[in-house]
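Subject: Structure handover and notes

Dear colleague,

I am passing on the structure we spoke about, and my notes on it follow below. Please keep it open beside you while you read.

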Amino acid sequence: MLKKSTVEKIANPVCITLIIWLVLQAVLTLKGFYNTNTTVLPPKIMLFGILPAIFVIILLFATPKGRRFIDALPLKDITYLNTIRLPIEIVLFYLFLNKAVPQLMTFEGRNFDIISGITAPFIAYFGFTKQMLSRKLISGWNFVCLILLINIVANALLSAPLAFQQFAFNQPNIAILNFPFSWLPTFLVPIVLFGHLVSIRQLLIAR
């Protein structure tokens, strides 16, 4: 297990890397890189925005140093991080009203991810601060929220105007191809995904 001071040393370059990544994604989006030639395979937003983030997550879990870093991260803070999903759902609903995403991506459609954002602070407080919840229950919550995340990601990608679009042809998901909403699939979703995987790993190891 890494000491707190060691984690803090690693956290600094990680934060710098994340900032650089956000700037890069902003530049690509503002230059119109993602919303041109959207029918190419693989889609540019997946090749240059989503897959690199997934690769980094895999790399962290696959290497000993990465796993040591993962196992030292604070579960309470990671759980609180999921509260960001509540304002994201509100933004998605606003985008739907402005015809930038389809209704199926909102809590009025197929997106139930708002449940994760609402319950996260309660799980963090009663599970880690008060220690009133079992690790089995917290693990179950993480698995359910992970499924909800996968559900909305799948629906978002399949309703975007890409080569494999399957839904929402009348009102496609154009938001993720434009700034600042391109940060959603290229940054926020990978961060939340990483948080759930870290939590599940730590909780299973603790058992």
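I begin with the largest pocket, whose lining residues divide into 20 nonpolar, three polar and one charged, where Ala, Val, Leu, Ile, Met, Phe, Trp, Tyr, Cys and Pro count as nonpolar, Asp, Glu, Lys and Arg as charged, and the others, Gly among them, as polar. Please bear in mind that this is a predicted model, in which local features need pLDDT of at least 70 and side-chain atom pairs count only at pLDDT 80 or more, while totals for chains, interfaces and linings use all residues. Residues are numbered from 1 along each chain as its sequence is written, and side-chain values use heavy atoms, with hydrogens and water left out.

Pockets

A pocket here is found on a 1 Å grid over the protein atoms alone, as an open set of points where a 1.4 Å probe fits, with protein on both sides within 12 Å along at least five of seven lines, and lining residues have an atom within 4 Å of a point. Grid points are joined across faces, edges and corners, and a volume is the space filled by probe spheres set on the points. The largest pocket holds about 810 Å³ of space, and among its 24 lining residues Val14, Leu18, Phe69, Ile191 and Phe194 lie nearest its centre. At least two lining residues come from each of H1, H2, helix H4 (75-81) and helix H8 (183-206), and H1 gives the most, with seven; helices are DSSP runs (H or I, at least four residues), numbered from the N terminus.

The second largest pocket has a volume of about 420 Å³. It is lined by 25 residues, of which Leu149, Val153, Leu184, Pro185 and Val189 are the closest to its centre. H8 supplies the largest share of this lining, seven residues, and by class the lining of the second largest pocket has 21 nonpolar, one polar and three charged residues.

Aromatic rings

Rings of Phe, Tyr and Trp (its six-membered ring) pair if their centres lie within 6.5 Å, and planes under 30 degrees apart count as stacked, over 60 as edge-to-face and the rest as tilted. The count by this rule is seven aromatic pairs. One of them joins Phe33 and Tyr34, a tilted pair at 5.6 Å centre to centre with 55 degrees between the planes. Phe33 also pairs with Phe48, and because their centres are 5.3 Å apart and their planes at 75 degrees, this pair is edge-to-face. Phe33 lies in the loop between helix H1 (4-30) and helix H2 (44-62) while Phe48 lies in H2, so the pair ties together parts that are 15 residues apart in sequence.

Buried means under 20% relative accessible area, exposed over 50% and partly exposed in between (1.4 Å probe, protein chains only). Tyr34 is buried at 2% relative accessibility, whereas Phe33, at 27%, is partly exposed.

Lys44 lies over the face of Phe33, at 4.6 Å from the ring centre, where a charge sits over a ring if NZ of Lys or CZ of Arg is within 6 Å of the ring centre and within 35 degrees of the ring normal.

Best wishes
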